[in-house]
Amino acid sequence: MGCKLRDDTITAICTPAGTGAIGVIRVSGPESIYVVSSIFKSRTGQDISKKRRGMYLGCILEENNRVVDDVIVLVMKSPHSYTGEDVVEIHAHGNMLILRSIIELLLKKGVRVAGPGEFTKRAFLNGKMDLTQAEAVLDQITAKTKKSLELSRGILEGHLSKKIYDYSNSMKTILAWVEAIIDFPEEEIPVELWKQSLNQLQKTLGDMEQLLGTSERGKILREGVVVVIVGKPNVGKSSLFNALLQENRAIVSPYPGTTRDHLEEYISLRGLPVRLIDTAGLRESSEPVEKEGIERAWKAVENSYLILFVVDSTNLNKEDITLYESIKNNVDKSVLLVVNKTDLNEKPEIPQLFSDYAKAIVHTSAKTGLGLEELENKLVSILLGGHEISEDIVLSHEHQKNSLLRAKKCIENCINQRDLSVELIAFELREALHALGEITGETATEELLDIIFSSFCIGK
Ligand SMILES: Nc1nc2c(ncn2[C@@H]2O[C@H](COP(=O)(O)OP(=O)(O)O)[C@@H](O)[C@H]2O)c(=O)[nH]1
Ligand SMILES: [Mg+2]
């Protein structure tokens, strides 16, 4: 592995900024127990640096013996801790002033503030988890829906690594005999054995392709997607936003131009995390606040994954068409046409332009709830490209997909080469193993690890 483990002692506040009943500070590294023992006075007078792992009640003291806070201290000895190092957790009251005072005391004792994800990085470097699991820790913290949580839980339990190790192991077996032949060049390549190996490689290739096929869904489940609701004023955008959210978040009014700024909320659409944005109605306006709102709406359109274009079935006219054309000509996004207010007018005439370009057309009434289920179904189907999320394991990180694609290419090279060069087979297999090792972390470079762990929050 291309990454060194630093052996200094680090600390960070692990609970979110703000107030709470409890705030937790974590200290990890060889000096952690000693350092905490020097600022902690246990209620029973025990010296934690002389104790085994355990939980101790007491207080944190400043140099002048003034009490900073009453705390509970958890002492965990290496290797039985999250990072695999000696770890102390200080559970204080959840006030940032208290927590920062404790951190300052620790810094004065020579402890360093942890970088983003540094505790988890240490856990990985100390062999407490592999890279897929370390990344699943982050996904667990940031998951927006139960489905995303369920999938990252499986990866945390090692299900993705098991698959990757299965691929590697089958290749290692082949590599072992190929290398044996290289060592004894007078031997011919045993054709029967190579045939068996080819079958094995074909099978691995098929499994890899299946896993790669989940990466688009995995990405959506992990990161979520932005769906923006647009249309001219008064068509029922805010009403649809509220209906999909199942709460009265946006102001709905019969007066056009009510929504000035855009509103956004996360919703779970059959387990998919969707950031839904309600925008100001798009029209020509000279009123400065509305104008700003309209500019923001256009930005939201540009940053979206999918557009819900809403029209009013009782009032579908040239204005909608002009607006639709400008979206179609300016941005390359999937569009779902929502024909709203169908409680007032069941079957409006839909201009050809819409049916040519939209991925789907759904008739709704935000007022009665009619068609909303169909709208959700269509949305999910477009987002998942017509697939279901039936797998327990999905690839959700871009770098995992890239490494797997490289491994796949190497296996294809192996299978397709004609002159049965053992050197070439060995070379491709080693390359494939290296690429797979980047997923589990065995061959990940310092640079890749830095990129991965820098996306973590401080304290994790
Ligand atoms: N009858 C009926 N009225 C609706 C429907 N959706 C919205 N409205 C009404 O249309 C008006 C404009 O709705 P609003 O959601 O504020 O539209 P927006 O400007 O596009 O956000 C309000 O008076 C809503 O009560 C619907 O499906 N049926
Ligand atoms: Mg509105």
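User: How far from an oxygen atom of ligand 1 does a backbone N or O atom of Lys-237 lie, and what makes that a polar contact?

Analyst: Happy to start there. This is a predicted model, where local features need pLDDT of at least 70, side-chain atom pairs need 80 or more, and totals for chains, interfaces and linings use all residues. Residues are numbered from 1 along each chain as its sequence is written, chains are lettered from A and ligands numbered from 1 as written, and side-chain values use heavy atoms, without hydrogens or water. The backbone atom of Lys-237 lies 2.8 Å from the ligand oxygen. A polar contact is a pair of N or O atoms within 3.5 Å, so this pair counts.

User: How do you know that polar side-chain atoms of Ser-239 and Lys-341 belong with it?

Analyst: Each has its own distance to an oxygen atom of ligand 1: 2.6 Å for Ser-239 and 3.0 Å for Lys-341.

User: Which of the 16 residues around ligand 1 come nearest, and what makes a residue near?

Analyst: The nearest are Asn-234, Lys-237, Ser-238, Ser-239 and Asp-343. A residue is near if one of its heavy atoms lies within 4 Å of the molecule. Helix α9 gives the most to this shell, with three residues; helices are DSSP runs (H or I, at least four residues; strands are E, at least two).

User: Why is the space where ligand 1 sits called a pocket?

Analyst: On a 1 Å grid over the protein atoms alone, a pocket is an open set with protein on both sides within 12 Å along at least five of seven lines, a cavity is a set where a 1.4 Å probe fits but cannot get out, and lining residues have an atom within 4 Å of a point.

User: How many cavities of 30 Å³ or more does the search find, and what lies around the largest?

Analyst: Two, across the whole structure. The largest cavity holds about 120 Å³ of space. Its lining has 13 residues, with Asp-139, Ser-148, Ser-152, Arg-222 and Ser-396 nearest its centre. At least two lining residues come from each of α4 (131-142), α5 (146-156) and α8 (215-223), and α5 has the largest share, four residues.

User: Which residues line the second largest cavity?

Analyst: Around its roughly stated space of about 50 Å³ are Ser-215, Glu-216, Lys-219, Leu-395, Ser-396, His-397, Glu-398 and Lys-401. Two or more of these come from each of α8 and α14 (398-416), with α8 giving the largest share, three residues.

User: What makes the phi of Asn-234 worth a look, and which peptide bond is cis?

Analyst: Most residues other than glycine have a negative phi, and most peptide bonds are trans. Asn-234 is not a glycine, yet its phi is positive, about 75°. This residue is found in the loop between β8 (225-230) and α9, and is among those nearest to ligand 1. The cis bond runs from Ser-78 to Pro-79, with omega near 0°. Pro-79 lies in the loop between β5 (67-76) and β6 (87-94).

Methods:
A polar contact is a pair of N or O atoms within 3.5 Å; within protein, one must be able to donate a hydrogen and the other to accept it, and residues adjacent in sequence count only if both atoms are side-chain atoms. Grid points are joined across faces, edges and corners, and a volume is the space filled by probe spheres set on the points.
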